[in-house]
Each structure stands twice: as C-alpha cells, then as structure tokens.
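Visitor: I'd like a close look at one part of this protein, the packing inside it. Could you take me through that slowly, and tell me how far to trust what I'm seeing?

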Amino acid sequence: MRRAGGYRDTGLAKTVDWWLIGCWVLLVLIGWANIYASIHSTDPASIFDWGCRSGKQAVWIASSIVIAAVILFVIPPRLYEGLSLPIYLGVLLLLISVIFLGIEVKGSRSWFEFGPVRFQPAEVSKISTSLLLATVMSQLGYRIGRMKDFIITALIILIPMGIIVLQSETGSALVYVGFIFMLYREGLSGWLIFMVGMAILLFILTISVSPYVAVLTLAGVTFLCISLYSGRFKWWVFIGVPLIVLFAFLPKLMQLVPLVAAVNPLWILIGCVLAALPAVAFQAFRERNTFTHLSIISMLAGLALVFSADFLFNEVLQDHQRKRIEVLLGMKEDPAGVGYNVMQSKIAIGSGGFFGKGYLNGTQTTYGFVPEQSTDFIFCTVGEEWGFFGCTVVILLYVLLMWRIIHDAERSREAFTRIYGYCVACCIFMHLFINIGMTIGLMPVIGIPLPFLSYGGSSMWGFTAMLFIFIALDRNERKYF
C-alpha cells in the first residue's frame with residue numbers, strides 16, 4: 001500500500017535487510033556454541049548453566065534481542081542525528097569517569113562494576129563517535145579537504161581515542177584508526193592513509209632494526225614519491241637508486257676507514273638529507289609544486305617520529321605491551337610468558353586440520369591450554385573444532401555482513417546513513433582484523449573481542465546496538481521511493 005508523498009508502508013518484511021539480521025543471528029549462535037565448547041570440561045553441566053560463561057552469554061544474547069527490538073520499533077531513527085552531540089559528550093564523561101571510578105582488569109582501568117555485571121564504556125564510545133561523525137560530515141557545505149572541517153573531524157575521533165589510551169586500553173583505541181577508511185570514502189586523500197602506514201613502518205623499523213634503516217627508508221620513499229608525482233622517474237633511476245645503494249653500504253664502508261669508524265653513520269645520513277631539502281624546496285617553489293612541499297613536511301615529521309619511537313616504546317607503552325610487541329617482531333622469545341597464548345592458539349588452530357576435530361572434541365580447548373579462550377581467543381576454538389572449513393565460514397559471514405552494510409550505505413540517499421554505515425563496517429573490520437591477527441600470531445596480543453562471538457555483555461550490547469541502529473536507519477529509508 002503506497003501513500004501520498006512518496007511513502008510506502010510495506011511492513012517489516014520488505015523494509016529490513018534480513019541478510020544483516022541473518023548474519024547477526026548466525027554469528028551470535030556460533031559464538032555462544034563455541035563459548036560453551038571452551039569451558040564445557042570444567043564449569044557447566046549444560047550450555048544453559050547460568051553460573052558459567054555460556055549461561056551468562058545466553059543472558060547477554062537475550063538482552064541484546066531486546067536492545068535490537070527497541071532500536072527497530074521504539075526509537076525514532078531521526079532521533080540519532082539530533083542527539084548525537086549529547087550522546088557523544090555523555091560517553092566522554094563515562095570514559096573519563098571510569099579512569100577514577102572504575103575497576104582495574106588486567107592492567108586496564110576501563111570497567112565499571114555493578115555487582116555481577118561489568119560495563120566497558122569504550123564499547124559504547126564507538127557508537128557515539130560514529131553518530132557524531134555522521135552528523136557533522138553530513139551537514140550542508142561540509143568538505144573534508146577544508147582545514148576547519150578536517151580538524152573538527154579529527155578531534156571527534158582523537159579525543160575518545162586519547163582517553164581510552166589513558167585507560168591502558170590500547171586495543172580499543174586502535175579500532176579508531178579504522179575510521180580512516182570511512183574518511184577516504186568521503187573524500188580524504190589516499191596519501192593520508194599512505195602516511196599512516198609509513199608511520200607504522202618507521203616505528204617498527206626503528207625499534208626492531210635500527211633508526212638508520214628507518215631514516216634511509218623514509219628518504220627513499222619520499223624521493224620516489226616526489227619523482228613519480230613530478231613526472232621525473234629518471235631522477236629516481238639515475239639519482240635515487242644509486243644513492244640508496246651507497247648509503248645502504250655506508251656503515252660497512254665507514255668501518256674500513258679508521259678516521260671515520262667512530263662516527264655514527266646516522267648523523268651523516270641525516271646531514272645529507274637535511275642539506276638536500278632546501279634545494280628541493282626551492283625547485284618546488286619555482287614550479288609551484290605543493291606536493292613536494294607537503295612531502296618535505298612529511299619527511300620532517302617522519303624524522304621526528306624516528307627519534308621519538310624509543311621514548312614512545314619504552315615510556316608510553318606498558319611493560320606487558322612492550323613484551324608482546326617484542327615477541328611478535330621476533331626481538332625476544334618467550335614461549336612460557338607473553339608468547340604462551342599465541343603459541344597455544346596456533347597449536348589449536350593448526351591441529352584442527354581442514355574439518356576440525358569435531359564439536360567438543362578439541363584437546364587444546366577441552367584441557368584449557370589457551371588462556372582467555374572464550375573471550376579474546378575464541379577464534380582458536382573455531383579453528384580446532386571446526387577446522388579450516390569452520391574458520392572460512394565464520395570469516396565469510398563477517399565479509400557478507402560488512403558487504404551488506406556497505407551495499408546498503410552506498411544506495412542510501414542520506415549522507416548521515418551512508419557515513420554511519422561505513423563507520424560500522426570500519427569498526428567491525430578492525431576488530432576482525434586485529435583479533436584474528438593476534439590469534440594466528442600476526443598481531444600483538446592487545447585484548448580485543450571478536451564481534452558477536454567473544455564472551456562479554458559490553459561487547460555484545462555495543463556491537464548489537466551499533467548494527468541495529470544502522471538497520472533502523474536503512475529501514476527508515478526503504479519506506480520511501
């Protein structure tokens with residue numbers, strides 16, 4: 001039945017994306033079953049035993065269904081845009097309060113405790129940040145390339161991210177980096193993503209190899225970008241490559257000359273780089289080449305990062321975080337300490353083979369070799385008992401979920417819905433990438449749940465609310481032509 005004004009009342013069946021709800025239901029049920037599998041040999045008599053994690057997860061699932069229903073049928077979708085700023089400020093207050101009033105769990109003061117229930121405001125902050133980003137960026141006249149708009153957008157992301165870092169919740173803070181993909185969709189230059197990647201690479205090279213290699217990499221990449229952008233690739237071939245080769249062997253060559261053997265080659269490299277910058281900047285000024293000027297500024301920022309990496313690694317990161325990074329990068333081996341979780345997780349996943357050992361038959365799972373197996377390492381339970389096939393199914397469900405979100409967001413006529421949808425997809429992707437990465441030893445262990453699978457009320461409520469807000473926004477648009 002269609003009404004005047006372009007409105008059509010097609011009912012729930014045709015206005016809700018059932019693919020999204022189907023993915024949510026399957027992931028939740030898979031998670032619940034594997035939470036029970038991870039603890040069945042010790043605690044519960046059945047999956048519904050309310051005294052253990054599988055029984056408590058059933059409560060979180062039931063309450064999440066209530067949250068989803070309220071979001072879909074009670075709260076008007078237009079309310080989110082109007083209340084995004086008060087919600088954002090309220091969540092910021094919670095993030096600050098938990099530092100002083102919360103309890104400490106595994107070195108992180110990021111949880112409120114109310115009797116048997118714990119609540120982590122960081123899970124809700126992803127929703128509030130996404131809503132405010134969608135509100136600000138959907139305003140008429142907004143341009144991400146304009147400095148004022150870019151600064152406001154950056155502050156919306158960086159303020160909660162910084163507060164979460166103060167809680168020692170590095171994993172939750174790292175999720176905010178994922179918003180950069182949404183910003184790219186909305187017009188942010190791809191060079192910013194490239195620079196973020198370069199910053200990570202420089203940090204890793206500095207702490208794991210040497211500052212000299214980091215600076216040489218920075219200089220080489222900068223010169224390559226300038227040459228390509230300026231259309232002078234021959235500069236790279238005939239000047240850049242020979243100089244990089246020369247400086248690559250410079251430390252060895254200096255050891256052969258007694259007079260300069262005691263000189264640090266790093267200072268020679270930096271001196272040559274700084275000496276060349278004025279000439280490059282002058283040439284760019286004559287040609288009015290803004291890209292080269294920005295490249296020079298980026299190089300100076302990169303040099304600052306190289307010289308501050310040691311301070312950031314040793315003074316900002318906590319001891320357990322440093323140890324995890326050192327084990328991941330091969331700087332240290334600690335199979336009985338911080339590397340134990342990852343080693344046992346890889347054994348569990350590897351032992352599963354193609355089809356796994358069967359439900360409730362995983363030996364690593366049954367005998368509790370993997371710590372935190374129902375929370376951060378739930379994926380290794382899937383790997384051991386369901387094998388490569390089960391892992392593939394789970395990952396494909398996440399891929400389908402994110403694809404449907406992006407599909408619905410792209411066809412949306414309202415910028416608010418599109419931007420919020422991309423924020424949801426980015427958060428899910430970052431959790432998926434980091435969690436599975438640390439489970440198989442490709443990322444440091446930073447304590448981040450797998451959406452809808454890992455045990456925990458805060459995570460289940462937070463991701464359910466985030467997803468169903470988007471479903472409600474999308475449903476509201478499907479009612480119109």
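Guide: Let's start at phenylalanine 468. Setting aside neighbours within four places in sequence, phenylalanine 468 is in contact with Ile21, Trp24, Ala68, Ile71 and Leu72. Keep in mind that this is a predicted model, so I'll come back to confidence in a moment.

Phe468 belongs to the largest nonpolar core, which has 96 residues. Phe468 is among the members that touch the most others, along with Met182, Tyr398, Leu401, Ile405, Tyr420 and Phe452. If you want to know which element puts the largest share into this core, look at helix 19 (residues 415-439), with 15 residues. There's also a second, separate core of 22 residues, and Ala214, Leu218, Met299 and Leu303 are included in that one. As a general point, nonpolar side chains in soluble globular proteins tend to be buried together.

Now pick out Phe452 from that list, as its backbone is worth a glance. Phenylalanine 452 sits in the loop between helix 19 and helix 20 (457-478), and its phi is near 70°, a positive value in a residue other than glycine. Its relative accessible area is 1%, so Phe452 counts as buried. Compare leucine 360, another non-glycine with a positive phi, about 70°. Leucine 360 is found in the loop between helix 16 (340-351) and helix 17 (363-366). Its relative accessibility is 27%, which means leucine 360 is partly exposed.

Helix 4 (78-82), helix 19 and helix 20 each supply at least two of the lining residues, and helix 20 gives the most, with three. By class, the lining has three nonpolar, two polar and four charged residues.

The protein chain averages a pLDDT of 85, and 91% of the residues score at least 70. Among the elements, helix 6 (residues 121-137) has the highest mean pLDDT, 95, while strand 1 (residues 2-3) has the lowest, 42. Across residues 1-5 the pLDDT is below 50, although this stretch has seven contacts in the model beyond near neighbours in sequence.

Conventions. Residues are numbered from 1 along each chain as its sequence is written. This is a predicted model: local features need pLDDT of at least 70, side-chain atom pairs count only at pLDDT 80 or more; totals for chains, interfaces and linings use all residues. Side-chain values use heavy atoms; hydrogens and water are left out. A nonpolar core is a set of buried Ala, Val, Leu, Ile, Met, Phe, Trp, Tyr and Cys residues joined through side-chain atoms within 4.5 Å. Buried means under 20% relative accessible area, exposed over 50%, partly exposed in between (1.4 Å probe, protein chains only). Helices (H or I, at least four residues) and strands (E, at least two) are DSSP runs, numbered from the N terminus. Contact means heavy atoms within 4.5 Å. pLDDT is the predictor's confidence in each residue, from 0 to 100. Ala, Val, Leu, Ile, Met, Phe, Trp, Tyr, Cys and Pro count as nonpolar, Asp, Glu, Lys and Arg as charged, and the others, Gly among them, as polar.
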